Structure formats: structure tokens, C-alpha cells
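Subject: Structure for you to look at

Hello,

Here is the structure I said I would pass on. Please open it first, and then read the notes below with it on the screen.

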Amino acid sequence: MKHPSKALSPGRRHLLIAGLGAALLPLSARAQAYPSRPISLVVPFPAGGSVDLIGRLYADVLGKILGVTIVVENRDGAGGAIGSQRVARAKPDGYTLVASSQSSHLANPIMHPNLGYDPIKDFTSISQLARTPNVLVTSAELPVKTFAEFVAYLKAHPDAVHFATAGVGSMGQLNAELLKNTVQVNAVHVPYRGGAPLLNALLANEAQFALDNLAPFLPHIQTGKMRALAVAAPNRLDTLPGIPTFAELGYPVLNSMSWIGLAAPAGTPPDIVQTLLAAVQTGARLDTTVQSLEKSGALPPELQSPEAFTTMMSQRLALYKDLVDRAGIRPE
């Protein structure tokens with residue numbers, strides 16, 4: 001005997017719909033999981049520079065790890081301010097990131113407080129992408145061969161030795177001013193318009209020393225046209241095994257390496273930050289990444305938390321801001 005079908009009561013219908021919704025929720029959440037579309041990585045400097053090269057390297061590496069396309073967008077100008085400001089004002093959803101650096105997120109904000117962004121408050125710093133050793137390099141004509149001889153020579157010839165930088169307020173100037181302050185010597189700043197004129201000045205002995213990223217100086221050091229006296233690196237470098245680190249020489253404050261990092265707009269959700277952090281830490285360990293970084297004159301990043309990265313940035317901002325104020329450095 002057939003039983004007549006029973007219509008669902010309103011209460012049972014509500015429970016059934018709710019149950020179906022709960023069953024489908026995980027699928028919906030996975031469909032919206034980050035990232036689900038291309039990511040824009042803003043490089044606030046021209047193509048071909050160190051920040052651009054490192055940014056493009058990681059755009060490829062992270063894109064493969066995350067399973068999406070990462071598009072590099074060069075927004076150069078104003079010492080990195082134009083591109084950085086664009087990201088600071090972007091929606092904090094993880095789809096607009098910036099390749100940060102000491103130029104755009106340290107030197108420039110110190111020298112120009114009204115850039116339109118705060119390097120700490122307006123960004124969520126995710127991770128370092130690479131570290132770049134600095135080198136104290138001299139003209140081959142300067143009659144010194146060790147760091148101790150260099151310090152003694154500067155003390156014996158106050159204001160007679162010139163140091164070259166890529167411009168007023170550049171990291172090269174801040175590094176050299178920190179050196180002067182630490183070892184208590186004097187030297188005359190000669191700013192040039194970029195790295196190429198700086199190199200030419202040292203080769204011609206128009207300036208006698210510089211303290212900046214190793215990569216552009218290395219070929220000239222290896223051919224004997226310039227002389228390296230000390231490096232800022234965790235250990236001696238394979239490319240310059242005979243050159244001590246500043247830490248070895250007793251000056252750990254001078255042993256800080258430059259960095260290139262990855263940052264998102266402030267307010268980016270923690271789960272997105274952790275996804276990006278995990279991808280960077282995975283990608284940074286790949287042999288191909290390490291080899292590519294070495295070819296660019298860089299070292300793999302220090303694997304630290306976003307909080308530790310931000311703390312390091314804050315400490316350096318305070319250090320160099322105090323240095324700039326005491327040295328009376330003003331933008332051109």
C-alpha cells in the first residue's frame with residue numbers, strides 16, 4: 001500500500017536548506033581562497049636596477065608557488081616615492097604589493113618627510129626578499145691597504161679625503177656618515193648623479209672612498225682598480241675571502257646589510273600575509289633562487305617574521321634619522 005507523500009514543514013525545509021548551505025560553504029571558501037587572480041608587484045624604480053631584478057626574480061618564483069601570475073609594474077620616480085605611495089593607497093587585499101628597499105622605505109622618508117606615505121604605518125612589511133652586502137672601497141691610489149690604515153690616514157688628513165655617493169641623502173651617504181661618526185674621522189662628501197659617475201670618480205681618484213652596495217664595485221676590485229677594506233655581511237664573502245667583515249673589525253653597527261623586501265598596504269589580513277610569507281620562505285630556499293641572487297650580488301633573505309622585519313626597519317629609521325639630524329644633511 002502506497003503512503004501519500006508528505007510535504008516538508010517550514011521548520012524542516014529551513015533545516016534542509018541550512019544543511020545544504022553548510023555543505024557547500026567549504027567549496028565556496030576554497031573558490032575564493034587567496035590568491036585567486038593575478039597579483040600586481042609594484043617596483044618603484046626603473047627596470048634593470050637591483051630592486052627590479054630581485055622583484056622580477058621573486059615574481060616568477062612566487063607566481064609558481066602560489067599558482068597565479070604576478071605582474072611586475074615599474075612605477076619609478078621621486079626616489080621610489082611614486083610607486084610606494086600607489087601601494088600605500090591601494091586596497092589591502094593582497095593583490096597589490098611593493099618591492100620595498102632601504103632607498104624607498106628608509107633614506108627617502110628620512111630626507112623627505114612629506115612623501116605621502118609612512119614606511120611603517122602605511123605598510124604591512126611581509127618579508128625580506130634579499131640582502132645585499134655593502135663594501136668600503138677606496139681608490140687604488142689611496143695609500144692604505146687595511147681598515148686600520150684607512151682610519152689612521154683619515155685622522156692624519158682631516159677634511160682632505162673625499163667620499164663619493166650617488167646623491168645627497170642616498171644610502172651611500174648615510175652609510176659613510178655612520179662610518180665617520182663611529183670611528184670619529186672627517187671626510188668631505190661629494191655627491192654624484194647616480195652610480196656610474198660615482199664609479200668613474202673613484203677610478204679617476206676624484207673621490208677616495210665609498211661605502212655602498214658591493215655589486216657595482218666588485219669587478220673593479222677584482223681587477224685591482226679599486227681596493228676593498230671591509231664588507232658588511234654576516235660572514236666573509238666567497239668573492240672576497242681576504243676582506244674582513246666590519247663585525248670582525250670590532251664595528252658591528254657598521255655591519256648592517258642593505259635589504260630588498262616585500263610589503264603590502266597596511267590592514268592586509270593576517271592570513272594573506274602568512275600565505276605570502278610562507279611562499280617567500282619556500283622560494284628563498286630553492287637552489288635556483290639562491291644562485292640567481294648570487295649572480296645579482298645578493299644573499300638570500302634573513303628568514304624572519306613580519307614583526308621582526310618591521311622592528312628592524314624601525315630601528316634603522318631611528319638610527320639614520322638621528323644621524324641625519326646631527327650631521328645636518330638636507331635634501332638638495
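Predicted model: local features only at pLDDT ≥ 70, side-chain atom pairs only at ≥ 80, totals over all residues.

Helix pairs

Two packed helices are described by the angle between their axes and the distance between the axes. Start with helix α2 (residues 50-66) and helix α10 (residues 287-295). Their axes cross at roughly 170 degrees and come within 11 Å. The two helices are therefore roughly antiparallel to each other. On the α2 side, the residues in contact are Ile 54, Leu 57, Tyr 58 and Val 61, and they meet Thr 289, Ser 292 and Leu 293 of α10. By class, this contact has five nonpolar, two polar and no charged residues.

How do the axes of α6 and α11 cross? The crossing angle of α6 with helix α11 (residues 306-327) is roughly 75 degrees, and the axes come within 10 Å. Angles of 65 to 115 degrees count as roughly perpendicular, and that makes α6 roughly perpendicular to α11. From α6, the contact uses Met 171, Leu 174, Asn 175, Glu 177, Leu 178 and Asn 181. From α11, it uses Leu 319, Tyr 320, Leu 323, Val 324, Arg 326 and Ala 327. Eight residues of this contact are nonpolar, two are polar and two are charged.

Cavities

Rolling a probe the size of a water molecule over the atoms shows where empty space is left. The structure has two cavities of 30 Å³ or more.

The largest cavity holds about 70 Å³ of space. Its lining consists of Asn 134, Asn 175, Leu 178, Leu 211, Ala 232, Val 253, Leu 254, Ser 256 and Tyr 320. Asn 175 and Leu 178 of α6, along with Tyr 320 of α11, also belong to the contact of those two helices.

Around it are Leu 41, Tyr 58, Ala 59, Leu 62, Ile 70, Leu 97, Leu 262 and Leu 276. Helix α2 gives the largest share of this lining, three residues. Which classes make up the lining of the second largest cavity? Eight residues are nonpolar, and there are no polar and no charged ones.

The largest pocket has about 1,400 Å³ of space. It is lined by 48 residues, and the closest to its centre are Phe 45, Ser 103, Ala 166, Ser 170 and Met 171. Elements that give two or more residues to this lining include α2, α4 (102-111), α6 (171-183) and α7 (195-203), together with the strands β8 (209-213) and β10 (258-265). The lining has 22 nonpolar, 22 polar and four charged residues.

In the second largest pocket there is about 240 Å³ of space. Its lining is Pro 133, Leu 214, Leu 218, Arg 236, Leu 237, Asp 238, Thr 239, Glu 294, Gly 297, Ala 298 and Leu 299. These divide into six nonpolar, two polar and three charged residues.

The loop between α1 and β1

Several items come together here. The peptide bond from Tyr 34 to Pro 35 is cis, with omega near -10 degrees, and Pro 35 is in the loop between α1 and β1.

A pair of aromatic rings is described by the distance of the centres and the angle of the planes. The count for the structure is eight aromatic pairs. In one of them, the ring centres of Tyr 34 and Tyr 95 are 5.1 Å apart and the planes are at 65 degrees, so the pair is edge-to-face. Tyr 34 lies in the loop between α1 (10-31) and β1 (39-43), and Tyr 95 in the loop between α3 (81-88) and β3 (96-101), so the pair ties together parts that are 61 residues apart in sequence.

Pro 38 is also in the loop between α1 and β1. Apart from neighbours within four places in sequence, Pro 38 is in contact with Thr 69 and Tyr 95.

One backbone angle

Asp 159 lies in the loop between α5 (147-156) and β6 (162-165). Its phi is near 65 degrees, a positive value in a residue other than glycine.

Regards

Key
Residues numbered from 1 in each chain as written. Heavy atoms only, no water. 1 Å grid on protein atoms, 1.4 Å probe; cavity = no way out; pocket = protein on both sides within 12 Å on 5 of 7 lines; lining within 4 Å. Points joined across faces, edges and corners; volume = space filled by probe spheres on them. Helix = DSSP H or I, 4+ residues; strand = E, 2+ residues; numbered from the N terminus. Nonpolar A, V, L, I, M, F, W, Y, C, P; charged D, E, K, R; others polar. Axes fitted to C-alpha atoms, helices over the stretch in contact; angles between N-to-C directions. Parallel < 35°, antiparallel > 145°, perpendicular 65-115°, else oblique. Contact = heavy atoms within 4.5 Å. Phe/Tyr/Trp six-rings, centres within 6.5 Å; stacked < 30°, edge-to-face > 60°.
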